Amino acid sequence: MDSTAQAHAHTFPERAGEYVRIGLILFVLTALEVGAYELAHRPGVPLHDFLQVWLIPVLIVLSAIKFALVALFYMHLKWDGPLLKGIFSFSLFLATFVILALLALFIYQGKFSAMIGPLTGVT
Amino acid sequence: MDAHALHPATSTGIPNRKLAIWTFIGSECLFFASLISVYLVYRGKSLVGPYPAEIFEIPLVTVGTALLLFSSLFVVLALNGCEQGNRKKFLGWLAMTILCGIFFIGMQVYEFTHFYHEGLTMQKNLFGASFFTLTGFHGTHVTIGVIWLISIFIEGVRGHVPPAKALNFEMSALYWHFVDVVWIVIFPVVYLMNK
């Protein structure tokens, strides 16, 4: 390491241990996701009945935790200022809104058509 | 003194390029949200097969997912090494990241080829059209990320990425993490919630 590098080495925190811990947590969460999927598709095993009903909510929660861990620790949002946190949070809010709005639109498409049809003459 | 003090002062206190990559990542969130929405809207609406449950190979994709997750760990360790001026750590972890990225692309190429031989194409049914569009665009992003990381690796070997220029690498690392978080959403939505 040259002198410039040594000078800079003091300006950046050593977080390797923390990154590895987060990596292990991400690995375990992924294993839990796949495990939940396998249990939900194998009749007779423990938790099969529960996961047949709750698989999607369980997967959503696990992937949300993984998403948050990568964004906060690996993308350094935990240590970044409010502007960068705001840009990403606002984008995520819009993205979630787009997904939910489109799903609602298509799921209830038939119901909307039935409601609006008699008013507009379009069936 | 933090990393930003090494760069010209800006009105926001954040290097302009870092602000730009975060804004780009924000726009990409909306891009992938649209593709994921389309996949979800058409989920279970294919009139003819092959259907997802018939052709998905969950163990293979799980390995690809683990590789992408580990690559995120490796790239952040490489960035840590770059910032500390530890060239060996920087280049070593960066090489591991690139290898993981290449393996992931290989997994996707194998999967697409396998699906094609099973009769699934973009024109076959709604599942094929939405699946190939979503995962194809993600794979393209991974490929661009790998090319970007390879260019940083070459610069690093030449000694052109000192700690003072760690931001050049941090931008590609942020992009790589974003590609990873998109897959964190795609993996359960497409592969584990299939029907």
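With 18 C-beta neighbours inside 10 Å, His76(A) counts as partly exposed in this predicted model, because a residue would need 20 or more such neighbours to be buried. His76(A) is placed in the loop that joins H3 and H4 of chain A. Its phi angle is near 65°, which is a positive value in a residue other than glycine. Leu47(A) also has a positive phi, of about 70°, although Leu47(A) is not a glycine. Leu47(A) belongs to the loop between H2 and H3 of chain A. Leu47(A) is partly exposed, since 14 other C-beta atoms lie within 10 Å, a count between the limit of 12 or fewer for exposed residues and that of 20 or more for buried ones.

Chain A contains five helices and zero strands, and from the N terminus its elements follow the order α-α-α-α-α. Of the 123 residues in chain A, 21% are buried. Among the contacts in chain A with a separation of 6 or more, 38% join residues 24 or more positions apart.

Chain A also touches chain B. The contact involves 42 residues from chain A and 45 residues from chain B. On the side of chain A that touches chain B, at least two residues each come from helix H1 (3-9), helix H2 (16-40), helix H3 (48-74) and helix H4 (82-107). The most is given by H4(A), with 13 residues. By residue type, this side of chain A consists of 30 nonpolar, nine polar and three charged residues.

Helix H3 of chain B covers residues 58-83, and its 26 residues should span 38 Å at 1.5 Å a residue. The C-alpha atoms at the ends of H3(B) are 37 Å apart, which agrees with that expectation. Just after H3(B), Gly85(B) adopts a positive phi of about 75°.

Helix H6 of chain B, residues 166-192, has 27 residues. From its first C-alpha to its last, H6(B) reaches 38 Å, close to the 39 Å expected at 1.5 Å a residue. H6(B) has a kink of about 30° at Ile186(B), shortly before the proline Pro188(B). Of the 27 residues of H6(B), 24 are buried, so this helix is largely enclosed by the rest of the structure.

Conventions. Residues numbered from 1 in each chain as written. Chains lettered and ligands numbered in written order. Predicted model: local features only at pLDDT ≥ 70, side-chain atom pairs only at ≥ 80, totals over all residues. Contact = placed C-beta atoms within 7 Å. Helix = DSSP H or I, 4+ residues; strand = E, 2+ residues; numbered from the N terminus. Nonpolar A, V, L, I, M, F, W, Y, C, P; charged D, E, K, R; others polar. Expected span 1.5 Å × (residues − 1). Bend = angle between axes of the 7 residues up to and from the residue.
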